Amino acid sequence: AGVGSQKERVVTEEEWLQKWEMGNIGFHKEQGHPLLQKYMDVLLNGRSGLKIFFPLCGKAVEMKWLADMGHSVVGVEFSEQAVKEFFSEHSLPYCEEPVPEISGAKMFQSTSGNISLYCCSIFDLSSSIVGKFDGVWDRGALVAVNPCDRQRYASLMINLVEKNSSYLLVTVSYDPNKHKGPPFYVPDSEIKSLFG
Ligand code: SAH
């Protein structure tokens, strides 16, 4: 029981794609997340022209916020539907191209060039493909990764950030005996051991 009850749970790529197809996307916030508004200064820290990463991005509207502020945004998301909905819902023209380093992956980029969304698993990415980031907005990402992949996820994220980066992480607090997740319950103690 407890946190242990979620340890073995696995949500497959097919299940995520199905959620998008069915419109079963209660996690999507049309108005954006109030916590990003609140902590925007912490993320940006007075800097301009940053490279911001949105892991497991869905069609998060906050990507548009950051791009409109002059930053460049990179996201990664399994669902091509989500990525296309992002661009169409913001009336942003885009082009798509294959990613030579990742077989089967596509990259969707706004014509203006400041938003690039990779359609593949986050575990296919590396800093040699996407470079390193000055800031991360991790909402519905660490908590959506299967518990068995958490360590790998954290190591990858540590690899994808610059030395002087800011990382905003949103977690959810609830009794893991009562819900199977996702979002999964990731206790603060575990976050400390994952990210050091
Ligand atoms: N961060 C977004 C979406 C959260 S839901 C928001 O705040 O709205 C998690 C999303 O991650 C889903 O859209 C799912 O399709 C995607 N996803 C889950 N595992 C993934 C993985 N390993 N690689 C890429 N995308 C993934």
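I count rings of Phe, Tyr and Trp (its six-membered ring) as an aromatic pair if their centres lie within 6.5 Å; planes under 30 degrees apart are stacked, over 60 edge-to-face, and the rest tilted.

**Model and conventions**

I am working on a predicted model, where local features need pLDDT of at least 70, side-chain atom pairs count only at pLDDT 80 or more, and totals for chains, interfaces and linings use all residues. Residues are numbered from 1 along each chain as its sequence is written, and side-chain values use heavy atoms, with hydrogens and water left out.

**Aromatic pairs**

I looked up the aromatic pairs and found eight in the structure. I opened W16 and F27: the pair is edge-to-face, with 6.1 Å centre to centre and 70° between the planes. It links distant parts of the chain. W16 belongs to helix 2 (residues 13-22), while F27 is in the loop between helix 2 and helix 3 (34-44), 11 residues apart. I take helices (H or I, at least four residues) and strands (E, at least two) as DSSP runs, numbered from the N terminus.

**Ligand**

Next I turned to the ligand. It sits in the largest pocket. For a pocket I use a 1 Å grid over the protein atoms alone: an open set of points where a 1.4 Å probe fits, with protein on both sides within 12 Å along at least five of seven lines. A molecule sits in one if more than half of its atoms lie within 2 Å of its grid points.

I find 14 residues around the ligand, and the closest are W20, L56, E77, I122 and R139. The cut-off is a heavy atom within 4 Å. The shell divides into nine nonpolar, three polar and two charged residues. Here Ala, Val, Leu, Ile, Met, Phe, Trp, Tyr, Cys and Pro are nonpolar, Asp, Glu, Lys and Arg charged, and the others, Gly among them, polar.

I then checked polar contacts (N or O pairs within 3.5 Å). A polar side-chain atom of E77 is 2.6 Å from a ligand oxygen. The protein buries 95% of the 570 Å² that the ligand exposes when taken alone. Those areas are Shrake-Rupley values with a 1.4 Å probe.

**Backbone**

Most residues other than glycine have a negative phi, and most peptide bonds are trans. I noted N45, not a glycine, with a positive phi of about 50°. N45 lies in the loop between helix 3 and strand 1 (51-54).

Which residues does a cis peptide bond join to P182 and P183? G181 is joined to P182 by one, with omega about 0°. P182 is joined to P183 by a cis bond, omega about 0°. P182 is in the loop between strand 7 (161-170) and helix 8 (188-195).

Terms used. Polar contact = N/O pair within 3.5 Å; in protein donor to acceptor, adjacent residues only side chain to side chain. 1 Å grid on protein atoms, 1.4 Å probe; cavity = no way out; pocket = protein on both sides within 12 Å on 5 of 7 lines; lining within 4 Å.
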